[in-house]
Every structure is written in C-alpha cells, then in structure tokens.
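Please take me through this model in the viewer, one selection after another. Tell me what to pick at each stop and what is there.

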Amino acid sequence: MFGRSRSWVGGGHGKAARSIHSLDHLKYMYHVLTKNTTVTDHNRNLLVETIRSITEILIWGDQNDSSVFDFFLEKNMFVFFLNILRQKSGRYVCVQLLQTLNILFENISHETSLYYLLSNNYVNSIIVHKFDFSDEEIMAYYISFLKTLSLKLNNHTVHFFYNEHTNDFALYTEAIKFFNHPESMVRIAVRTITLNVYKVDNQPMLHYIRDKTAVPYFSNLVWFIGSHVIELDNCVQTDEEHRNRGKLSDLVAEHLDHLHYLNDILIINCEFLNDVLTDHLLNRLFLPLYVYSLVNQDKGGERPKISLQVSLYLLSQVFLIIHYAPLVNSLAEVILNGDLSVFSSKVEQDIQKNSAKSSIRCFIKPTETLERSLEINKQKGKKRVQKRPNYKNVGEEDEEERGSEDNQDDLDKTKGTEASSKGIRTSSENEEIEMVIMERCKLSELSISTVTEQNTTDEEKSAAASGSEITNWNRPFLDMVYNALDCAEDDYYALFVLCLLYAMSHNKGIDPVKLERIQLPAQHAEERNSYNHVLAEGLIRIMNYAAQPDGKIRLATLELGCLLLKQLVFSKNGSIIKDVHLACLEGAREESVHLLRRFYKGEEIFLDMFEDEYRSMTIKPMNVEYLMMDASILLPPTGTPLTGIDFVKRLPCGDVERTRRAIRVFFMLRSLSLHLQDEPETQLPLTREEDLIKTDDVLDLNNSDLIACTVITKDGGQVQRFLAVDIYQMSLVEPDVARLGWGVVKFAGLLQDMQVTGVEDDSRALNIIIHKPASSPHSKPFPILQATFIFSDHIRCIIAKQRLAKGRIQARRMKMQRIAALLDLPVQPSTEVVMGFGHSSAATAQHLPFRFYDQSRRGSSDPTVQRSVFASVDKVPGFAVAQCINQHNPSPLSSPSPSSGSGSTGRCDSVTASSTSTPAVQSPSGLAGKDVGGCLVCRRLTVTVDTGFRSSSSSCNRNSRNINSGRFLRKLSKARNS
C-alpha cells in the first residue's frame with residue numbers, strides 16, 4: 001500500500017532531481033505551508049504534495065544534511081501537520097498524512113533526527129487525534145503508524161511516549177483499544193505493538209502498565225479469548241456433517257494466534273506482568289472453562305461449558321505452545337491431581353483471606369469496557385498529579401469527547417473489563433497495589449495446596465512424594481483421561497487424550513515430579529524401574545482394536561499411542577516393559593499380520609502401495625504440533641475422502657484404503673515390537689538406497705551383456721550409451737577411459753517403476769519412462785527419465801524390450817515373495833527361468849540381487865574395488881550358440897573356456913543342455929528361452945578396442961538350417977583370442 005510513495009522517496013536523477021533535495025527547497029515548502037494554513041478544495045492536492053515533498057527532504061537530510069532537521073525544528077513545522085488534521089479536511093488528506101508520516105519514521109536512521117521528530121509531543125497529539133476509524137484505509141494507516149513508532153522504542157525514546165509526570169502512555173493505551181477489532185490484521189498489529197512495549201526495560205513504564213493497564217487489558221483479553229472458544233465449540237456442535245469447516249478452521253487459527261501471543265508475553269520474562277497474566281489465565285479461562293468442562297457436561301448449570309473434545313483439544317494446544325513454568329505446573333497439577341473442590345466456595349473463601357480483593361474462579365463477562373477502565377484510570381491520575389508546565393495537552397477537549405463516544409461504541413460490542421479486579425489506584429498507592437497483585441497471583445498455587453491438604457491422608461502424601469504408587473484419592477480429571485482411552489466404539493476422545501498426555505510429557509516447563517506422580521515420564525526422564533500399568537494397558541488395548549478387521553481406530557491415534565508407549569516403558573537402560581504386556585503387544589502384532597494377509601494379492605498395486613506407505617511413514621513421521629493445528633479432527637471421525645481430511649486422520653473408505661490402513665498398522669506394530677525387544681530391522685524397506693547402483697559408480701562390466709543405443713532425451717539431447725539390466729535396475733553406462741571393461745554409470749533406475757512402449761513409425765526405437773517413487777499415494781509420479789532409445793536394428797530393439805519387460809516382472813515377483821515372507825505366507829520359489837534368472841544353489845549367495853540384505857554391503861566407493869555388477873554369468877552369449885551347435889555337431893572348439901566354470905545353459909529348438917554339475921546360473925540379461933516366433937540366440941561381435949565393451953547382437957532364426965558352423969566357430973575363436 002506504500003508502493004506509490006516509495007518511488008519518490010528513493011529520489012531521482014539529474015540536476016533537477018538533486019535540487020529538490022536541499023535545504024532551500026524545504027524553505028520553499030515551508031513558505032507554501034504558511035500561505036495555505038486553511039485546507040480547501042482548491043489547495044488540498046497542493047498540501048498533500050507539499051507534505052510528501054517535506055517528508056522526502058527530511059529522509060534525504062537524515063542521511064546527507066543535518067541542517068534540514070535544524071530548520072524543521074526551528075520553524076516547528078509539525079504544527080502545520082496538526083492544524084491540517086484538526087480541520088477535518090476529509091479522508092484524502094488524513095490518509096496521505098498518515099502514509100507520509102509512516103514512511104518518514106520508517107526510514108529515519110539517525111537517533112538525533114528521530115529525537116527532533118519526537119520532540120514537543122506533537123507525535124502523541126497525532127496519536128490521540130480523533131480519526132474516523134470506520135474508514136478501513138484510515139484504520140490501516142493509523143495502526144501501521146503506531147506499529148512503526150513501537151519499533152523505534154528503546155530506553156531513550158520511550159520517554160517521548162511515556163509521560164511519567166502525568167502517567168500517560170498514549171502509544172500503548174490507544175493501541176490496546178483495538179485488541180478486539182473485527183479486522184485480523186489490526187489485531188495482529190496491536191499484539192506487535194504491545195510486545196514491542198513490553199520488551200523495553202524501563203521500570204517506571206512497566207510499573208505504569210502493571211498498575212494502570214495490565215489488569216483491565218488482560219481481563220478483557222481473557223474474556224475475548226473465551227468468547228472465541230465458546231463460538232468455536234458452537235461451531236463444532238452444529239457441524240457434525242463437515243459443512244462449515246472453513247469457519248471452524250478460522251476459529252482454531254485465531255485461538256492458536258492468541259496462545260502464541262500469550263506465550264510471547266510470558267517469554268519476555270517481565271515477572272510482575274507474567275504474574276498478572278498467569279492469574280487471569282488460570283482463574284478466568286483455563287481452569288473455569290477448559291478444565292471444568294472435562295467432567296461437567298451438563299449444559300444446564302450456571303457456569304459456561306464447552307464440549308469434552310474441544311476442551312481436550314484446546315488444553316493440548318496450551319501445553320504444546322506455552323512453556324511458562326508457573327502456569328503449566330499449576331494447570332497440570334489440577335488435571336493430574338485435582339478434583340472439583342478447586343471450584344468450591346470453601347476453597348475460594350480460604351484463598352480470599354490472602355488477597356485484598358475477592359477472586360471468583362469462574363469465566364464471567366466483565367462489567368466494564370477496557371476503554372472505560374482506561375478513562376477512569378486517566379481521570380484519577382489527573383486529579384492527584386499536576387501537569388508538567390511544558391506539556392502540550394493539545395486537543396484535550398477532543399480526547400474527553402472521544403472518550404464518551406468510544407465508550408458507548410465499546411458497550412455495543414460487549415467487550416470490556418472486570419470492575420471487581422481492575423486494580424485501579426492512584427499513583428500514591430503503587431506499593432499497596434503491587435502487594436495485592438502479587439498475592440492474588442498466587443491464587444492457583446494456594447488453591448491447589450488447599451485441595452491437596454483436604455483430600456490427602458498422611459500415607460497418601462508419603463506415597464505421592466515417593467512416587468512408588470498411584471494414589472487413590474478422588475481425581476475426576478485423571479479418571480476422565482483413563483476412561484477416554486476405551487476405544488471400543490471409536491477413538492473420537494482417545495485421540496485428544498493421547499495428544500494431551502504427549503503435550504504434557506514434552507512440555508519443558510512442567511516439573512517432572514508432577515508427571516511422576518502418575519508415572520508418566522517426561523521426555524528426558526531419569527532412570528526408573530516402573531511405569532503406569534493402567535496407561536500402558538489402555539495404549540495396548542488401542543493397538544488391539546486397531547489390528548481388528550472392523551477396528552475404528554484412526555492411524556493418527558495408533559501412531560500417537562505407539563509413541564507414548566515407547567516413552568512410557570523405556571528408560572536409559574532400555575525397555576522395562578513386563579512380559580505380560582509384551583505378550584499382549586505381540587498378540588496385537590500377530591493380529592496385524594493376519595489382517596494384512598487378507599489384503600495380500602499378487603497384483604502390482606499391492607507392491608506399490610506397500611512401498612509407498614512405508615516411504616510416506618518414513619518421510620513424514622507424526623508431528624503432534626501440526627496435528628493439533630488441524631480443525632478437522634474436532635469433528636466426528638468420518639470415513640469418506642470427500643471431506644478432504646488427510647487419510648491418517650479419518651477412517652478408511654473402500655478396499656484400497658482398507659489395504660493402506662492394514663499396511664500401516666502392520667508397519668507401526670512391527671516397528672514397536674522390534675523397538676521394545678531391541679532388535680534391528682533387517683527386512684524393511686524393500687528398497688535400500690545404499691544397496692542400489694548410483695550415478696557415477698564405476699562398475700566391472702566384463703562378461704556382461706550390454707546393448708549399444710542412442711538416448712534422445714525430452715529436451716532434444718543425444719548421447720551414446722550402453723544399456724545394462726540388473727535384477728532390480730537398468731543402467732545407462734559409458735566406458736571408463738582408465739580401464740578396459742569397466743564402465744561409469746550415467747543413469748540408474750528401478751525396473752519396477754519403468755514403462756516401455758514401442759514407437760509406431762520406427763521399429764528400432766523404444767520410448768522409456770522411469771518414474772520417481774511418489775512421496776505420497778496422492779502425489780503425481782514425477783518422471784526421472786523420459787527418453788527415446790534408438791538401437792542399431794530392430795532385432796536389438798526387440799531384445800532390449802524383452803529384457804526390460806521380463807526384468808520388470810522378475811523384480812516385482814521377487815519383492816512380492818519377500819513381502820510374503822514378512823507375512824509368514826508360504827513362498828513358492830519359481831523354477832521358471834524368466835529372462836535367464838535361474839540361480840543355482842552353489843551360486844545363490846554370490847549372485848543375490850543388490851538389495852538382498854544377507855548380501856554384504858557395498859564396499860568402498862573407490863573405483864579400484866573390483867565388483868562384477870552384472871556378472872550373473874561368467875560366459876559370453878556366444879557360448880549359448882556354441883552349446884546349440886555342440887548338440888548337433890560336437891566340436892572341441894565349442895567347449896567352455898576354463899575361466900567360465902559356471903557357464904549358462906542355452907536352449908535352442910526347445911532342447912535344454914544338461915550338465916552333470918549343479919544347474920548353472922544364467923545371465924540376468926541373457927536371451928536364452930522361447931519367444932514369439934522362435935528362440936533368440938546371441939553371438940558375440942568384436943567391438944573396436946577403444947570402447948572397452950563387447951556388444952551383443954542377436955539373431956538366429958529357429959528354422960534356419962544353413963548356418964556355416966565352421967566359419968562361425970573360427971570367428972568365435974578369433975574373438976576369444978583377441
């Protein structure tokens with residue numbers, strides 16, 4: 001909104017522009033002001049441009065010429081600004097004046113210049129001027145002006161705003177009057193202003209805020225927050241069908257803003273302000289509205305109440321956000337150890353003896369508005385204190401008139417302060433007020449100690465102090481927490497209870513001793529030998545319900561329960577869980593296995609879902625803070641995705657989502673079981689990054705089947721590469737210039753994520769797309785490779801397509817077998833040779849896929865480490881031809897070489913060569929086997945020496961009987977010799 005003004009503030013170029021920024025031009029602007037003291041329709045635009053020019057010159061003078069401010073102060077030019085405002089010349093002039101003043105103070109950098117502008121109290125006169133705040137633009141510029149001034153506050157400049165002799169602080173008092181403004185940006189600006197004021201370490205000013213404004217402002221603020229909470233609860237009660245989630249989300253966001261604002265005040269650590277704020281929050285909001293609603297759901301009482309789920313939800317937010325020890329300790333003490341006598345009249349009467357004013361622990365509407373309280377405070381201060389002789393009380397009559405009118409407006413808004421607890425006194429009574437407030441701020445601690453003394457026997461006190469057992473006195477709030485963990489029907493309340501327990505145990509301000517009374521360990525608890533059996537059994541019961549086919553437990557509830565159980569039964573020396581509880585947990589894990597077996601299918605989608613869910617859980621673990629920011633969990637659990645609620649926060653819908661849920665339940669309970677038994681995870685994930693071939697790896701490709709191709713990427717680039725296929729991956733490599741037979745990987749992708757299609761008008765080309773694994777089931781797959789592969793001829797193209805297609809089938813099949821092993825399903829190892837992947841028993845350990853976990857890890861990244869990556873066989877494809885010929889025409893030249901003891905068995909014309917030794921291991925990229933139109937048999941061609949590779953070319957016709965065996969064997973012998 002300041003874009004227009006910033007353009008001229010920056011200055012111009014050239015001689016004409018430089019002449020504008022000068023003391024002479026400022027004098028000319030002063031002359032213009034003196035000639036136009038009265039605003040009319042004819043000179044309105046002239047005055048606006050004059051004010052702009054003066055502001056520009058002042059900013060220039062702040063950086064270049066100090067005499068500019070000397071002249072500005074000497075001529076008292078700020079008076080002209082005030083005169084223009086008082087003439088009520090219309091919104092146009094007011095908006096422009098506020099805009100230019102905001103820019104002026106925002107760009108002043110020297111303290112001396114700032115002192116010049118703040119002197120003579122003219123800025124305070126502008127602050128208290130009666131603007132037309134019904135105009136949104138004037139309101140926006142005015143509150144922005146106040147915020148800019150608050151950013152300039154420090155121990156020196158605060159004296160220009162706070163008048164110690166008159167007890168007046170216009171910048172603060174005028175700002176807080178808008179704390180409940182309908183526009184959220186105005187409310188945010190007010191919070192910023194108050195925080196900037198509280199950060200200034202000026203004791204007289206802070207004492208003034210505490211004695212004159214803190215009680216009215218905080219009591220009014222507490223009522224405003226509580227009103228929003230009641231509105232939020234009404235929205236939850238009337239929106240069971242999820243039709244008004246937008247409004248509910250706004251109300252939750254507003255409550256979060258309030259809590260963060262309160263926490264910002266508390267972490268400033270101004271002790272006496274924190275005492276007043278803590279007193280009002282505990283006794284006017286958290287205890288009478290939030291905590292009281294936990295066990296009293298009868299709407300017919302006199303006290304206002306909110307629903308149980310809203311109360312738990314908001315208390316969880318309180319403990320997640322606020323960490324101020326006196327506040328959270330008092331609140332936790334009531335929840336964990338208190339009873340309803342906290343709200344009884346007897347306790348209140350006992351506490352009243354320790355305070356000068358009576359304090360009723362109830363959420364009640366204040367009887368006076370904030371503005372009325374501030375006005376009374378101001379008038380009382382004026383009666384006792386003489387005005388300073390040089391204090392300019394400009395527009396005092398306007399202030400009084402404005403006070404009466406604004407009070408009526410605030411009464412209409414029904415936002416006010418509490419008369420009985422205003423704490424308003426004259427300046428001569430400051431010491432007395434301080435003592436009264438300090439006593440009243442101990443209200444919560446006194447009440448808690450009173451309740452404990454009245455309800456606890458000596459034996460129970462000693463047991464509670466030792467923490468050896470859970471005391472048995474009446475604790476309705478804690479009983480509610482335990483009862484809500486019963487999820488036989490649904491987990492509506494259990495989720496909020498788990499969030500509350502998690503938030504309390506992770507709150508840094510709570511004394512661990514208070515949590516140890518119910519044996520709930522803090523996040524970094526000391527060594528211990530026992531845990532809360534009641535809570536542990538409730539958590540395990542949730543897990544049992546989750547593993548049932550018709551369980552109504554949401555995934556968020558289960559994951560949070562697993563986190564709490566780990567925290568509950570783990571100490572520094574490891575797990576302390578009892579055998580009976582571990583057995584129950586193992587039973588739940590077995591139930592999850594049986595549940596997932598029901599959804600186990602041989603279809604491709606199950607494998608994708610299995611890996612996607614594991615990846616999602618690993619990448620995005622449970623974040624309770626984010627969970628409690630979501631307003632949708634306040635509504636009853638729903639099973640339809642049409643609401644837009646995240647899958648983990650609702651019930652499943654349809655077979656696909658039930659499968660996803662069963663997979664996640666299996667993962668969570670398996671991980672928890674292994675963690676409690678201190679066993680490592682050796683089976684998951686199915687794909688480990690450290691076991692995969694990566695770009696720039698240097699691999700030994702001797703005796704590996706490679707197909708030369710030209711790769712044309714989507715952006716038009718062309719590169720020459722060799723295609724190699726592993727059990728799980730396909731790779732594009734180029735020769736290593738340092739060593740013959742070695743290659744550098746330029747791309748590697750999973751076969752299971754690959755799509756291969758032919759090109760209609762080119763029989764030598766294939767379109768290949770490899771997708772990156774999606775981070776979530778709903779995200780769109782992102783292609784990491786999308787290119788056209790062009791081969792030398794159509795035969796090589798067919799070979800490559802067959803190799804990739806069968807490799808994808810085999811990779812997915814092997815992963816499905818591993819999933820079956822996880823689920824204790826019988827695994828039938830396939831003896832069918834797919835793509836040449838038959839493994840002998842002798843070579844099994846040597847030729848496992850890269851990601852089999854009983855295989856040794858990848859060695860050093862040093863390229864000198866020799867590892868034959870694609871060497872499932874040690875024999876070149878030409879050996880298959882030799883075997884075929886040997887079956888018809890035995891020849892000594894066709895015998896395998898001594899270096900290839902584990903050679904391949906080739907099949908030609910449906911004849912399989914037999915061997916007296918163990919079955920040989922075939923090449924993963926071999927082409928032996930039947931295909932459409934016949935068997936494909938490869939013969940080795942000698943490639944140019946500079947490539948370092950032997951490229952395989954195909955082709956033998958099954959029905960061809962005119963093969964010149966002698967010529968072929970001579971070529972083969974020559975190739976071997978070379």
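Residues are numbered from 1 along each chain as its sequence is written, and side-chain values use heavy atoms, with hydrogens and water left out. The model is predicted: local features need pLDDT of at least 70, side-chain atom pairs count only at pLDDT 80 or more, and totals for chains, interfaces and linings use all residues.

**Confidence.** Colour the chain by pLDDT, the predictor's confidence in each residue, from 0 to 100. The chain mean is 74, and 69% of its residues reach 70 or more. Select residues 1-18: pLDDT stays under 50 there, and the model has 25 contacts for them beyond four places in sequence (contact means heavy atoms within 4.5 Å). Then select residues 383-472, where pLDDT also stays under 50; here the model has 165 contacts beyond four places in sequence.

**The cores.** A nonpolar core is a set of buried Ala, Val, Leu, Ile, Met, Phe, Trp, Tyr and Cys residues joined through side-chain atoms within 4.5 Å. Buried means under 20% relative accessible area, exposed over 50%, partly exposed in between (1.4 Å probe, protein chains only). Select Tyr290 and Phe610, which touch the most other members of the largest core, a set of 219 residues. Helix H14 (residues 203-237) gives the most to this core, with 17 residues; helices are DSSP runs of H or I, at least four residues, numbered from the N terminus. Next pick Leu766, Ile770, Leu785 and Ile799, which are among the 21 residues of a second, separate core.

**Around Phe610.** Show what Phe610 touches, leaving out residues up to four places away in sequence: Leu596, Ile663, Phe666, Phe667, Leu684, Leu686, Ile819 and Leu822.

**Thr659.** Move to helix H33 (residues 654-676), where Thr659 lies. Thr659 counts as buried because its relative accessibility is 6%. A polar atom of its side chain lies 2.7 Å from the backbone oxygen of Asp655. Not counting residues up to four places away in sequence, Thr659 touches Phe599, Phe606 and Met609.

**Asp612.** Select helix H31 (residues 604-619) and find Asp612 in it. At 17% relative accessibility, Asp612 counts as buried. The C-alpha atom of Asp612 is separated by 7.5 Å from that of Pro773, 161 residues apart along the chain.

How values were computed:
Helices (H or I, at least four residues) and strands (E, at least two) are DSSP runs, numbered from the N terminus. A polar contact is a pair of N or O atoms within 3.5 Å; within protein, one must be able to donate a hydrogen and the other to accept it, and residues adjacent in sequence count only if both atoms are side-chain atoms.
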